[in-house]
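Hi everyone, thanks for coming.

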Amino acid sequence: MWPVILNAPLFAHHRFDVNDIRLHCVTAGSGPPVVLLHGWPETWFAWRKQIPVLAEHYSLIVPDLRGYGDSDKPASGYDKRQMADDVSKLCRQLGHDRVAVVGHDRGARVAARWAKDEPDVVDRLVVMDNIPTRVVFEAMNGRIEGLCRVSPGTLARGYWFFLFNQEIDLPEALITGREEVWLRHWLGSWCYNRDLFEDWEVAEYVRAYSAPGALRGSFNDYRAGPIDVAQDLEDANTKIAAPVMAMWGEDFDLVGQWWDVAAVWATMADDLRTVALPRCGHLCQEERADLVNPELLSFLDGWNG
């Protein structure tokens, strides 16, 4: 099935020189521009179930973020302001000055920073199964009440990978050569249906994360956490100007179970729609495309670029 998707005329693969790196990007469809930003540990491939549906109505820009997939993996530049600027400049190369953005997990962090930094560019925003970085760390330190349903200690144990992934060299040393075991852990445990992923789908992620520098690039995304928190604190009281839809899996402990997600995103945006997805874990767009795709089409309805 993967070779069919790889060679489908719907998917056009490109590489763009942006901010002294080269970004891999898939484009599809025609119409008003919509950007899809993947999370961790994923790549553009995470949107394979959305692209055929959304491309009937929109011009899709689906990059591998800096450090991920087939994009370059430089040693620096993983703060969310820089990563957002990468995507913004990529869109301008494609002739788009104003876009709608859909981000999942790490991609939602990039998208939210982009929406704050360039409110004249991001017209509407979807954030999927994400709690903002600043909010996560403030809750771990006991500085937020009412938004998180578990103790700081429980939260820190659940988000252990946030801390582990910031260690220098150790994650790469332990995982190199064991990428499939590592990926099957996350892809299985982060889904309501632990058997969701077929072998060919896992194989594509293994290919991506076995490439030279791929593990380091993805961990550098987390290593930028202190910079991301500092950026978020600078404009913590500034809400996102664009309409926002927050969507999450009801059955994922680290988001839907442990947080009042609607209340979290109400601190980030006034024009807010919220959607809780039943029988769904963290990887919403991969697990419940049957629910995610209609919600995206509804939220994007009326977007004309």
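Let's sort out some words before anything else: Ala, Val, Leu, Ile, Met, Phe, Trp, Tyr, Cys and Pro count as nonpolar, Asp, Glu, Lys and Arg count as charged, and the others, Gly among them, count as polar. This is a predicted model, where local features need pLDDT of at least 70 and side-chain atom pairs count only at pLDDT 80 or more, while totals for chains, interfaces and linings use all residues. Residues are numbered from 1 along each chain as its sequence is written, and side-chain values use heavy atoms, with hydrogens and water left out.

OK, holes. Rolling a probe the size of a water molecule over the atoms shows where empty space is left. On a 1 Å grid over the protein atoms alone, a cavity is a set of points where a 1.4 Å probe fits but cannot get out; a pocket is an open set with protein on both sides within 12 Å along at least five of seven lines; and lining residues have an atom within 4 Å of a point. Grid points are joined across faces, edges and corners, and a volume is the space filled by probe spheres set on the points. One more bit of naming: helices (H or I, at least four residues) and strands (E, at least two) are DSSP runs, numbered from the N terminus.

The largest cavity holds about 150 Å³ of space. Its lining includes K80, R109, K116, R134, D228, D232 and W265. Two or more lining residues come from each of α4 (106-117), α5 (133-140) and α12, and α4 gives the largest share, four residues. By type, the lining has four nonpolar residues, one polar and seven charged.

The second largest cavity has a volume of about 100 Å³. It is lined by 15 residues, and D105, R109, Y159, F162 and H282 are the closest to its centre. Here the elements giving two or more residues are α4, α7 and α13. This lining splits into nine nonpolar, two polar and four charged residues.

Now the pocket. The largest pocket has about 170 Å³ of space. Of the 14 residues lining this pocket, S189, W190, F252, D253 and L254 lie nearest its centre. Helices α7 (160-164), α9 (179-189) and α13 (253-257) each supply at least two of the lining residues, and α9 has the largest share with three. Eight of the pocket's lining residues are nonpolar, four polar and two charged.

On to helices. Two packed helices are described by the angle between their axes and the distance between the axes. Axes are lines fitted to C-alpha atoms, for helices over the stretch in contact, and angles run from 0 to 180 degrees between N-to-C directions. Angles under 35 degrees count as roughly parallel, over 145 as roughly antiparallel, 65 to 115 as roughly perpendicular and the rest as oblique. Contact means heavy atoms within 4.5 Å.

Start with α5 and α12, whose axes come within 8 Å and cross at roughly 100°. That angle is why α5 is roughly perpendicular to α12. T133, R134, F137 and E138 of α5 touch G225, D228, V229, D232 and L233 of α12. That makes three nonpolar, two polar and four charged residues in this contact.

Next, α11 (residues 214-223) packs on α12 (residues 225-234) at about 40°, with the axes 5 Å apart, so α11 is oblique to α12. The residues involved are D221, Y222 and R223 of α11 with G225, P226 and D228 of α12.

What about α9 and α10 (residues 199-209)? Their axes come within 10 Å and cross at roughly 125°, so these two are oblique to each other. E179, E180, W182, L183, R184 and L187 in α9 meet D199, V202, Y205, V206 and Y209 in α10. This contact has seven nonpolar residues, no polar ones and four charged.

W40 and P41 are joined by a cis peptide bond, with omega about 0°, and P41 sits in the loop between β3 (33-37) and α2 (51-54). D20 is not a glycine, yet has a positive phi of about 70°; find D20 in the loop between β1 (12-18) and β2 (21-28).
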